[in-house]
Amino acid sequence: RLQQICKKHGWKFSWMDEERSRMQTEEREKLGSEAWQKRLQALAEKGVPDASNIQQGFCKKGCGRHVAPGLTKGGKPFDTCCRG
């Protein structure tokens, strides 16, 4: 059943032990505190970038939530979950 749900939403299914192994072998850039602060500052100034390949009716930021109901001040439907 879980695999069917993942397939329906285009998610990659993995068990916890598989995910742990994947994360351990994945090469990730480790940010130091200075680099992390710069990254946070850039996000604060520019905002969170829009995600790609998002289904209509879901938040464009990629969080997986449905868009907020209603319309913007300009009369357009919301495209984020937080009306941001």
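**Exercise 1.** Which residue just after α3 takes a positive phi?

*Solution.* The model is predicted: local features need pLDDT of at least 70, side-chain atom pairs count only at pLDDT 80 or more, and totals for chains, interfaces and linings use all residues. Residues are numbered from 1 along each chain as its sequence is written, and side-chain values use heavy atoms, with hydrogens and water left out. Helices are DSSP runs of H or I with at least four residues, numbered from the N terminus. Just after α3 comes Gly47, with a positive phi of about 85 degrees.

**Exercise 2.** Classify Ala68 as buried or exposed.

*Solution.* Ala68 lies in the segment after α3 (33-46). Its relative accessibility is 8%, so Ala68 counts as buried. Ala68 and Cys81, 13 residues apart in sequence, are 4.6 Å apart in space, C-alpha to C-alpha.

**Exercise 3.** Classify the ring pair of Phe13 and Trp15.

*Solution.* Rings of Phe, Tyr and Trp (its six-membered ring) pair if their centres lie within 6.5 Å; planes under 30 degrees apart count as stacked, over 60 as edge-to-face and the rest as tilted. The count comes to one aromatic pair. The centres of Phe13 and Trp15 are 5.0 Å apart and the planes are at 85 degrees, so the pair is edge-to-face. Phe13 is partly exposed, at 23% relative accessible area. Trp15 is in the loop between α1 (2-9) and α2 (16-25).

Methods. Helices (H or I, at least four residues) and strands (E, at least two) are DSSP runs, numbered from the N terminus. Buried means under 20% relative accessible area, exposed over 50%, partly exposed in between (1.4 Å probe, protein chains only).
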